[in-house]
Amino acid sequence: MKKAFKIVIALVFVISLFSCSKKTTTQNVQNNCVYQNAPSTQVNFAILAGSAQFFPLNVTGGYIYVSNVGYQNRGVLIYRLNQTQFMAYDRNCTKDGCTNSKAYVYVPTANTTICKDSICGSIYNIFDGSIQAGPATIPLYQYHTNWDGNQLHVYN
């Protein structure tokens, strides 16, 4: 009986160990670049509502770039979707970002509903990071956000 109990405990432990580590990997076959669910760089920062950096985010549709964070330190784009919801995307291009350090996304000044890649010209929807026009085939990596009314926390 003790041996069967130990086997069951070991089996439960092994199953629980592997069940929480789901990671999907997407291969960009054009440049042999691998993008995972979570970039290897840890992102964890907060912006206070009263700070000058937050000012453009005081209105729906406002956006900012946060420098020196994210994949290869290309930065994070933060967009205010509505009164309580913010979107945060890694600025690294999902087509050329692994091989070209100048491949990053930005918001064209004439249109705050899209992000555009600086090299390949791919267009992404700023509301969800999905691809609107190629050649990119992988959506933007999205970070988690938490808004408590006083500070915006961005993390992965």
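Guide: Two strands count as paired when DSSP finds at least two bridges between them. Keep that in mind for this model, which is predicted.

Visitor: What makes S3 and S12 a pair?

Guide: Pairing needs at least two bridges. S3 and S12, residues 151–155, are joined by 5. They therefore pair, and they run antiparallel.

Visitor: How do you know that S4 pairs with S5?

Guide: By the cut-off of at least two bridges, the 4 between S4 and S5 make them a pair. They too run antiparallel. Within S5, Val 76 stands opposite Val 66.

Visitor: Why are S3 and S4 called edge strands?

Guide: The open sheet has 6 strands, in the order S3-S12-S11-S6-S5-S4. S3 (44–48) and S4 (63–66) each pair on one side only, so they are edge strands by the pairing rule. From one strand to the next, the twist averages 20°.

Visitor: What makes Ile 64 and Val 66 buried?

Guide: Buried means under 20% relative accessible area. Ile 64 and Val 66 are buried and point to one face of S4.

Visitor: Which residues have the most contacts inside the largest nonpolar core?

Guide: Phe 45, Ile 78 and Val 154, in a core of 17 residues. Val 154 has heavy atoms within 4.5 Å of several residues, including Phe 45, Ile 78 and Ala 88, so these are contacts.

How values were computed: Residues numbered from 1 in each chain as written. Predicted model: local features only at pLDDT ≥ 70, side-chain atom pairs only at ≥ 80, totals over all residues. Heavy atoms only, no water. Axes fitted to C-alpha atoms, helices over the stretch in contact; angles between N-to-C directions. Core = buried A, V, L, I, M, F, W, Y, C linked by side-chain atoms within 4.5 Å. Buried < 20%, exposed > 50% of the residue type's maximum accessible area, 1.4 Å probe, protein only. Lists of a residue's contacts leave out its neighbours within four places in sequence.
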